[in-house]
Amino acid sequence: MSEWVFAPQPPTSVAVAGQGQRFPVARVFCLGRNYWWPDALAGGRPEREAPFFFMKPAAAAIAADGELEYPPLTAEFCPEIELVIAVGKDAVNLTVESALDVVWGYAAGLDMTRRDLQMAAKEIGRPWEGAKAFDASAPLSPIVPVSRIGHPNSGALWLTVNGVERQRSDLACQIWSVAELLSHISHSLHLKAGDLIFTGTPAGVEGVQPGDRVSAGIEGIGEVSVRIAPAAKVTTQPPRY
Ligand code: MN
């Protein structure tokens, strides 16, 4: 008799740039607000607030190529270009000075967001999961090892839709550094080898439609390009009870 009552789900993994091995994904964390958006700067540069994070299912991490299905229950489906940290060692209570030792590599990722659901959740003080955690919501480029690129702390990041630029900033504009973010999260829980951390997006977030071509990238790290496909079975309203 099998140890399992049914076959376990296969492990989630993502490609490594330039080699055949794959990176096994443990969990997907996403940071909020790591670039100053113009609305936050209206009254001059504010004090930076402690980083905060939410999560997506590990299986949401997929290769950002080919087609990306338009998800259910939204009329405002938004791509957010983000630097992704790929953690290669278990760790807890990291100091800022030692935190970069746990980084295996970096990728360019899209934090796909049902922004209308996010705004509705914010309004009534509910969690963001409905807006952030759904199938295929964390597409990313192949991971580039630190052994090849080190720890980039500058370089342009950008996103275009049908060739029109929507987002552009630079890694140098991050409010919290990669080391600070890792230290912060590792004081909240044990980081695990295989964790992916999306690190927040610059201003310019807007919805896309089926048929749109989303291209994005981070200088020196990677590029992604996906076409938004119609949902296979469109569900626009939650069920009635
Ligand atoms: Mn984001």
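Predicted model: local features only at pLDDT ≥ 70, side-chain atom pairs only at ≥ 80, totals over all residues.
Local features are reported at pLDDT of at least 70 and side-chain atom pairs only at pLDDT 80 or more, whereas totals for chains, interfaces and linings use all residues. Residues are numbered from 1 along each chain as its sequence is written, and side-chain values use heavy atoms, with hydrogens and water left out.

The chain contains 4 helices and 17 strands, both being DSSP runs numbered from the N terminus (helices H or I, at least four residues; strands E, at least two). The C-alpha trace spans about 65 × 50 × 35 Å along its principal axes. Of the 241 residues, 46% count as buried, where buried denotes under 20% relative accessible area, exposed over 50% and partly exposed in between (1.4 Å probe, protein chains only). Among contacts (heavy atoms within 4.5 Å) with a separation of 6 or more, 77% join residues 24 or more positions apart.

The manganese ion has Glu80 (OE), Glu82 (OE) and Asp111 (OD) as its protein donors, at 2.0 to 2.2 Å. Donors are N, O and S atoms within 2.8 Å of the metal (3.2 Å for Na, K and Ca); water is not among the atoms, so sites may look incomplete. The donor residues follow the spacing E-x1-E-x28-D in sequence. Glu80 is located in the loop between β7 (77-78) and β8 (81-87), and Asp111 in the loop between β9 (103-110) and β10 (113-114), so this pair ties together parts that are 31 residues apart in sequence. Glu80 and Asp111 are both buried.

Phe198 belongs to strand β15 (residues 196-198) and is buried, its relative accessible area being 0%. Although 87 residues separate Phe198 from Asp111 in sequence, their C-alpha atoms are 7.3 Å apart.

Most residues other than glycine have a negative phi. Arg33, in the loop between β3 (28-31) and β4 (53-56), has a positive phi of about 45° and is exposed, with a relative accessible area of 53%. Ala136, in the loop between α2 (129-132) and β11 (138-140), has a positive phi of about 60° and is partly exposed, at 26% relative accessible area.
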